[in-house]
Amino acid sequence: MDTVRGAKSVTRTGPIIVVLLAMLVVWYAAAIGMNAPWQTTLNTRAGLADVPFTDFALQTWAQDRPVLPAPHQVLGEIWNATVALELTSRRSLAYHGWITLSSTLLGFVLGTTLGVALAVFIVHNEAANRSLMPWIIASQTIPILAIAPMVVVGLGSVGITGTVPRALISMYLSFFPVVVGMVKGLRSPESIQLDLMHTYDASPWQTFWKLRWPAAMPMLFASMKVGIAISLVGAVVSELSNAAGGGLGVRLLTGSYNGQTIQIWAALFIAAALAAILVMIVGAAERMVNARMGARPA
Amino acid sequence: MVFDAFEQGRFMTPVVSAQNLGLTFKTNDGDVVALSDVNLTINKGEFVSFIGPSGCGKTTFLRTIADLERPTSGKLTINGQTPEVARKARAYGYVFQAPALYPWRTIEKNVALPLEIMGYGAGQQAERVRRTMDLVNLSGFEKKYPWQLSGGMQQRASIARALSFDADLLLMDEPFGALDEIVRDHLNSELLKLWDRTQKTICFVTHSIPEAVYLSTKIVVMSPRPGRVTDVIESDLPKERPLDIRETPEFLTIAARVRDGLRAGHSYEEAV
């Protein structure tokens, strides 16, 4: 039995490790190729000729401003900019990460609340159903890069700065999947389930809490997963409009101004890891709710 | 004597009374006459089956009694009241074709759903859930979720849910249509026992002739286009009905009359 279970865990983790290793190999190989022209120039200037390939490869993986930094350089930068620095330092990725995370979370909470409220309104009011949806869809066709500076600068001019304007951008992006998902979710009960409520002469309030809301749970979590990920995108984009405010977006921006590719990649990795962790937290909450609602184990 | 006559009159108030009842659905393809000129009286304690091919309006008639559809002509009363008043007075329990259990509720919570909505106290709820689950032989499955039960057990749970608040009228819309014949036979005899114990009035929609004859005291034969009643058969079978009553000449005579009624409605020819 144990051997079977052991074999099963190998078949699960085995492919993941193989793919990860393959990605690392490709990455290191690409770093050699992409950093080679500059390394050749450097070596020519220094009068070095006939550098053996292994030495040359090591050189391409150790440049200050490589075109493509090697994985260990990025990880080293992450280490130096988080654990090795004080949290309050302006160069700390933990400091900038916290700025991004706080506006992401606030924006996500606001966006989810707004999305659910709009969905409830749309499902219960025919006029809202016909009039609101086109505007909601239109709101998402406007490039966020065009809106973000207006909101951040506009609110800044009336004295509202910091987390709130950035959270509003996150909200602007994250309410959309929640509205669309929840409208579908709240409408998911079958007609006989609704008829049943009618035969009991249930109030709209009872029909909502005892039928529509629990029936919408799967859609709520699916749309929250999308919502929290784009909430992070919104936060990063909003930071580009106010470089003094800090955040992972600012690290990306200053990194690209100064050609600090390692810094860019480090900020990128932190952002990706944050998004992954946030989606995982929503997923864990979903599993908890599913267990409480007696869902059939998959 | 006057008192007696009054009591007599009260007793005779029909549970369901339809006079010249009609219902026309307006669709994009024009009007569809679902019910036309239906006259029917159902008295307290009767077991009435509605039988006919699809489109004959048997389900529509049941839904009209339940105030899930509104008639467009004629008169319909439930306990002497309009269907809407009767619905708001929780005069009936409805069993749908599918169990329609809420998957996020345990069986006992599903049975308690109408009780919650109607505002029964926790003690009352527990007592009524226990009693009705016992009535449909589902004791021991209180904490299970619907997906953990077979189709037949799910439908029994939905019957328990319809019985839990003790309405005198039970409306059943092909409740066993999706079940296999063995389970259906079993549930049919269970239903008869339940009817005998609870003294309820039952309206039962089916498309099975043996089922209709086996269960009913009255069989209403319907035919489509337009949906109408073609025959009303009072069954004189004894109240005690073992399953093998279905081989007796009396049973077969009634079944033959139902079949004739269906044929008279041209339902077979049109269906082909």
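Predicted model: local features only at pLDDT ≥ 70, side-chain atom pairs only at ≥ 80, totals over all residues.
Student: How do I read the overall form of a chain, and what radius of gyration does chain A have?

Tutor: The general idea is to set the radius of gyration, taken over C-alpha atoms, beside the value from a rule for a globule. For chain A, with 298 residues, a compact globule would have a radius near 19 Å, but the chain has 25 Å. The C-alpha trace of chain A spans about 90 × 70 × 35 Å along its principal axes.

Student: Why does the radius of gyration of chain B agree with that of a compact globule?

Tutor: It agrees because a compact globule of 272 residues would have a radius of gyration near 19 Å, and chain B has 19 Å. Along the principal axes, the C-alpha atoms of chain B fill a box of roughly 55 × 50 × 45 Å.

Student: What share of the residues counts as buried in chain A, and what share in chain B?

Tutor: A residue is called buried here if 20 or more other C-beta atoms lie within 10 Å of its own. By that count 33% of the 298 residues of chain A are buried, while for the 272 residues of chain B the figure is 43%.

Student: How do I read the packing of two helices, and at what angle do α4(A) and α5(A) pack?

Tutor: One looks at the angle, at the distance between the axes, and then at the residues that meet. Helix α4 (residues 93-124) and helix α5 (residues 126-139) of chain A pack at an angle of about 145°, with their axes 8 Å apart. From α4(A), the residues A:Leu118, A:Phe121 and A:Ile122 meet A:Ala128, A:Asn129, A:Leu132, A:Met133 and A:Ile136 of α5(A). By class, the residues of this contact divide into seven nonpolar, one polar and no charged.

Student: In which order do the three strands of the open sheet in chain B stand?

Tutor: The order is β2-β1-β4, and the pairing is antiparallel. The edge strands are β2 (30-42) and β4 (73-78), each of which pairs on one side only, and neighbouring strands are turned by 30° against each other on average, direction ignored. Strand β1 (residues 16-27) pairs with β2(B) over nine bridges, and in this pair B:Val16 stands opposite B:Ile42. Helix α2 (residues 58-65) of chain B lies across β1, β2 and β4, running at about 65° to β2(B).

Student: How many residues lie between the strands of the hairpin formed by β8(B) and β9(B)?

Tutor: A hairpin is read from its two strands and the turn that joins them. Strand β8 (residues 218-223) and strand β9 (residues 228-234) of chain B pair in the antiparallel sense over six bridges, with B:Val221 standing opposite B:Asp231. Between the two strands there are four residues, and B:Arg225 in the turn has a positive phi of about 50°.

Student: Into which domains is chain B divided?

Tutor: The assignment gives domain 1 (14-91 + 169-272) and domain 2 (99-166), whose centres, taken over C-alpha atoms, are separated by 25 Å. Where they touch, 10 residues of domain 1 are in contact with nine residues of domain 2. On the domain 1 side, the largest share, four residues, comes from helix α7 (residues 181-198) of chain B, and by class this side has eight nonpolar, no polar and two charged residues.

Student: Finally, how many residues of chain A are in contact with chain B?

Tutor: An interface can be read by counting the residues on each side and then asking which elements supply them. Here 16 residues of chain A are in contact with 18 residues of chain B. On the chain A side, α8 (191-199) and α9 (204-239) each supply at least two residues, and the largest share, six residues, comes from α8(A). The residues of this side divide into seven nonpolar, five polar and four charged.

Terms used: Residues numbered from 1 in each chain as written. Chains lettered and ligands numbered in written order. Contact = placed C-beta atoms within 7 Å. Nonpolar A, V, L, I, M, F, W, Y, C, P; charged D, E, K, R; others polar. Pairing = 2+ DSSP bridges. Rg over C-alpha atoms; globule rule 2.2 N^0.38 Å. Buried ≥ 20, exposed ≤ 12 C-beta atoms within 10 Å, placed from the backbone. Axes fitted to C-alpha atoms, helices over the stretch in contact; angles between N-to-C directions. Domains from an automatic or database assignment.
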